[in-house]
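Hello,

Here is the structure we talked about. My notes on it follow below.

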Amino acid sequence: MKTITLNVNGMSCQHCVNSIEGALKQIGAGGNVNLSNASVEVQFDETKLPESKIKETIEDQGYDVV
């Protein structure tokens, strides 16, 4: 398992947390959103899921990965 931390713009509430964490779960990754740091810590199996797919999934929810 690999863990990465991504900076994400546009998050402001519990709905944002639920949206991102739910979307990551659907693709087989675990996510922990930190609103105060504007970041998401993601745990995933890099042999099954590319990092680019994780970023794309968060962006598809309407947030900007920076």
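Of the contacts in the protein chain between residues at least 6 apart in sequence, 60% join residues at least 24 apart. Please keep in mind that this is a predicted model.

The overall layout is as follows. The protein chain has 2 helices and 4 strands, and from the N terminus the order is β-α-β-β-α-β. Its radius of gyration is 11 Å, close to the 11 Å that the globule rule gives for 66 residues, so the chain is as compact as a globular protein of that length. Along the principal axes, the C-alpha atoms fill a box of roughly 30 × 20 × 15 Å. Of the 66 residues, 35% are buried.

I looked at helix α2 in more detail. This helix covers residues 51–60, and its buried residues are I54, T57 and I58. They span an arc of only 95° around the axis, which means they sit on the same side of α2. In general, an α-helix has 3.6 residues a turn, so residues three or four places apart point the same way. The cover over the buried residues of α2 includes β1 (2–9), α1 (14–26), β3 (39–44) and β4 (64–65). On the face turned away from the buried side are the exposed residues S52 and D60. After α2 comes G62, which has a positive phi, near 105°.

Regards

Definitions and conventions. Residues numbered from 1 in each chain as written. Predicted model: local features only at pLDDT ≥ 70, side-chain atom pairs only at ≥ 80, totals over all residues. Heavy atoms only, no water. Rg over C-alpha atoms; globule rule 2.2 N^0.38 Å. Buried < 20%, exposed > 50% of the residue type's maximum accessible area, 1.4 Å probe, protein only. Contact = heavy atoms within 4.5 Å. Arc of directions from axis to C-beta.
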